[in-house]
Every structure is written in C-alpha cells, then in structure tokens.
Amino acid sequence: MYPTLAAGLLAVLPLAQSFYIAPFEDALFAADKHESHSHDVSRSLTSASSDVGLESRAVQSGGDCGPSAGNAVCASGLCCSSDGVCGTGTPFCGAPDCQLSFGPACDGNQTPPGKDTSAVPRPLFGSVPYGVDISHCTVKGKVALTFDDGPYIYTTDLLNVLKSNNVKATFFVVGANGGKGQIQDPATGYPAIIKRMYAEGHQIGSHTWSHQDLSAVTAQQRHDQIVKNEMALVDILGFFPTYLRPPYTKWNDDALNDLKALGYHVTNYDIDTRDWQGDYTYAQNVYTNILSQHSPASSSWISIEHDIKDKTVHGFVQYMIDQARQLGYQLVTVGECLGDPQANWYRDPTTGQPYDPSRMAAAAAAATTVAGTAPPPPPPPSSSSSSSPSSIVSVITSSPSSPGTSSPAQATKALNPGSSTTTQASSGSGSGPSSKTSSSAQGSSSSPSPTPVANPNFGAGTGNTTTTSSVSVASAITTSATATQTKAQSGAVRSGDSAFGVLLAIFVLLVVF
C-alpha cells in the first residue's frame, strides 16, 4: 500500500503546489516584485513582465526561469532562454527564443533609441484594406517576391542580384533577431543596406522588432513589437511602413484589430516555397508548378522567401526571376501588385499622413551618400559594386563546376550540387562564419559589413512544413513528452497502482490541508 501511496503522492504533488502552496509563495514573494529594468523605455512602451501579472524572484544566472519554474523571472540584466535558464549572451538573449516575460535583458525587450512612435496619428489612406489578411495580388500578371527576417550577411548579395536583373522586391525587415544586433546601429552595417533597399526602389515593410508570434504575446508586448521596429526604421529612413507581415503567419483577432488601429496592411502570400527548410528541389517545384499552371492574364502571386538563407540568395532567387519572366509574369513590389501608389507605402512619423514624395526624394539622396547608390527612377549602376552586373550574376548563381551562368538549369545545379536536396539546414541552423559572400557584395567601403552569427535562430518559418520536417517535429514532441514524464515519475509505475494511488493521495492531502 505504501509504494502505491508514494506513487500517488508524486503524481498529485504538482496539483497541491498549484492549489495550496503557490498562494502562500505568492504572498511571501509579494514584497520582492521586479523593479524597473535597466534599459531605457519610453512612456508608451513597457518592459518585460510588467503587464503579465507574473511573480518575480530575481533569479540569478544559471537558475531556472519561465513557466517550468513557477513563472520565475530572471534578475535585471539577465535573459531567460528557451530552455528556461537565466543567463547572458545570444544563446540566452537572442530573439525570438528568449522568453520576453521572464528575461528583462532579452533582445526583444530592448528599445531602440529615438522618439516613441506610439502617439503618431494613424489615418487609413488608400484603397488597400487594413487589419485583414492580404494573401493575393489584385493586379494580374504580377509576381511579388518578398523576403523575410533580414537584413543579414546575404542581403547585399541579394540586392546585387535584383539590381542586375532590374527587379524590384519587398523586404519585411526585423529589428533585432538571431543575435545579429539592432538594425539601426551603424556598427552592424544594416542601416546602409536598408537605405540601399529604398534607394534602389524596393519596398520596405515591417516583420516586427524581434520576430515574436503576435498571437502568443500580451497586448502590450504586441504593441511594443510593432512600435519598436517603427522607431528603428524612422532612425534609418525618416519614416516607417504601412505594410507588415506577422511572423510565422500567425495572428488572432486581437492582433488584427491592433494592426488596423496602428494603420497596417497585414501582408501574407499565396506561394510558400518553404526555402527556410533548405529543400530547394521542393522550393523550385512549388514555385514553377504554381506559375506554370496559371496564366498571367488571369493570375498574380505573392511569394515568400528569406534573405537570411545562403542558397536562397545564391541561386534560388535567380531561378525564380528567370522562371517568372519565361512564363510571362512581371516582377514587382507588393504595393504595385495591390495597385497601391508608392506614397501610401510609408507613413510620416510626425503627421501620420502618407510620407511626402519630396521628402522621400531627399531621403533617397541622403541614402546615395551613405550607401553609394543612386535614387530611383531609374537607378544607374551602383558605385558600391566593383563588378559589372553580368559578373555579379556569375559570382552569385554559379556552382564551382559551372561558372558564369544564370539559366534555370544552372541555378538548379548551383542549389543542388550532386543531389536532389541541399545541405542548407532549416530554421535555426544558420550558415555560420564560413558562409560565402561575393567580393562585389561587401557594400560601401565607408560602411561596415554585417557580421555572421554562429548558429543563429532568426525564427524563420511559416507554420508550414514538408512531410519530412513534420515527422521530425512530431518525433521531437514525443521525445520531449517522454522525457518530461520520466522526470516526473522517476520510474515506471503500473497504471492500476498509479490510479489507485492518485485517489488515495488526494484523500490524504484533503485531510491534511
């Protein structure tokens, strides 16, 4: 009987913790609530755990944090990793993995310098709807290539490819993900890259500050994710976008309502190549099959890719451009494929109105000085490149055994040398310091080059996975569940004894308490 009672007590103790012990702990630690965090935040922005009603124990480095540790919060200056451990550095603090509500120093909890844009008026101008899912173009015969999660070390190469092909694309940028640094920090090299995007006629949209799931964070955290990225972009460009893509293609009604109130077109896609998984045979097949099975006269498309992926930039993009053109599509920005005038793509941070084109021209002229490029239209050859457009394409799209080509067949070979799949890992693997970057893609000599991050997790993913990845995820979940069960039980217990023991333990606890 006693072993059975012991097993039952082990099973019921967590319930006792929740219903009987936790309230006493809450009272005990009430005087030790977390004080204001060290990083500066403006009045309309909040810091970690300020609006979630969680207890703060100021857990020190190496201690447990987060939901698995009774909602314990790390001490000021520390981050709560995805595994629920307090610490510092990218493995603990990098977004989107760091748990915002339990790690005051998470990258996602930091605020960029500049004026809080929360109070900027948000009139809804133009004919494109706000606060609803937009997944399709309205202008026929167009393909809008869109790139998420950057900028990163490959983005300059991507701009070179687009420039050499006279293609305009849309970049949904993230302010501080993967441990890459904040995009407005000149030391990272990203401000010059973003200015070049704009100067060369590409559209810039928001992908939030640190790539958090907008359906899973609190209302205040969601607000901060949107406004902080605005602040960073205003610091770089002098205006912020009216287009936003929710990370992971996830949102709920609250998120849509908030995005409408903040004046955003919620921009998704109808072609998901899943390039972030690294299977470029699959990516090519999906892209080509969709385009070839429809006519440009009656269809148009928004395709999602990621400029944080080496082989996406160095091969797949050229393949997509070639295929779209061969099939009769015109490559444009999202705003163009929705019939939205360029002035509506951005908002004045003072008036909230469409950003004045004359001021946009002045910003483009300033970008020319910083990024070494000329404003549209049409852009002349970039002074940041030491090679001709044809040589840039040769460097970027060729495999070592097939130099100097940019046809779809050659692009396929460059993506998949010797096999049907590439060695590029899926989300979270990164390419590390050994990643290739063409000599012509280092940007202006006056601006630093972005630094590779070892094994970064940028949060790339769309919520869609191929069968292989789905099996892997399912296997990982099963393994995790088994490990948790083993840890809780500390050994096997027969189901009959366990059930009886649980009932007996509940009775004992009720008598005791």
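This is a predicted model: local features need pLDDT of at least 70, side-chain atom pairs count only at pLDDT 80 or more; totals for chains, interfaces and linings use all residues.
1. Strand 4, which spans residues 142-148, has 7 of its 7 residues buried, so the rest of the structure largely encloses it. Lys-142, Ala-144, Thr-146 and Asp-148 point one way from the strand, while Val-143, Leu-145 and Phe-147 point the other way, and burial holds for all of them.

2. The pairing partners of strand 4 include strand 11 (residues 301-306), to which 6 bridges join it in a parallel arrangement, with Asp-148 standing opposite His-306. Strand 12 (residues 330-332) also runs parallel to strand 4 and is joined to it by 3 bridges, and here Ala-144 stands opposite Val-332.

3. Strand 5 (residues 170-173) pairs with strand 4 in the parallel sense as well, over 3 bridges, and Phe-172 of strand 5 stands opposite Asp-148. Together with helix 3 (residues 155-164), strands 4 and 5 make up a β-α-β unit that is right-handed.

4. The largest nonpolar core holds 65 residues, of which Leu-145, Ile-204 and Tyr-287 touch the most other members. Helix 8 (residues 310-326) supplies the largest share of this core, namely 7 residues. Leaving aside residues up to four places away in sequence, Leu-145 touches Ala-169, Thr-170, Tyr-287, Ser-303, Glu-305, Met-320, Ile-321, Leu-331 and Val-332.

5. The whole structure contains 4 salt bridges, and one of them joins the side chains of Arg-245 and Asp-148 at 2.9 Å from N to O. This pair links distant parts of the chain, since Arg-245 lies in the loop between strand 8 (243-244) and helix 6 (253-261) and Asp-148 lies in strand 4, 97 residues apart. Arg-245 has a relative accessible area of 1% and is therefore buried, and Asp-148, at 2% relative accessibility, counts as buried too.

6. A further salt bridge is formed by the side chains of Asp-258 and Arg-222, with an N to O distance of 2.8 Å. It again links distant parts of the chain, with Asp-258 in helix 6 and Arg-222 in helix 5 (residues 219-237), 36 residues apart. Asp-258 is partly exposed because its relative accessible area is 27%, whereas Arg-222 counts as buried at 4% relative accessibility.

7. The side chains of Glu-200 and Arg-196 likewise meet in a salt bridge, at 2.8 Å from N to O, and both Glu-200 and Arg-196 are buried.

Notes. Residues are numbered from 1 along each chain as its sequence is written. Side-chain values use heavy atoms; hydrogens and water are left out. Buried means under 20% relative accessible area, exposed over 50%, partly exposed in between (1.4 Å probe, protein chains only). Helices (H or I, at least four residues) and strands (E, at least two) are DSSP runs, numbered from the N terminus. Two strands pair if DSSP finds at least two bridges between them. A crossover is right-handed if, with the strands pointing away from the viewer, the path from the first strand over the helix to the second runs clockwise. A nonpolar core is a set of buried Ala, Val, Leu, Ile, Met, Phe, Trp, Tyr and Cys residues joined through side-chain atoms within 4.5 Å. Contact means heavy atoms within 4.5 Å.
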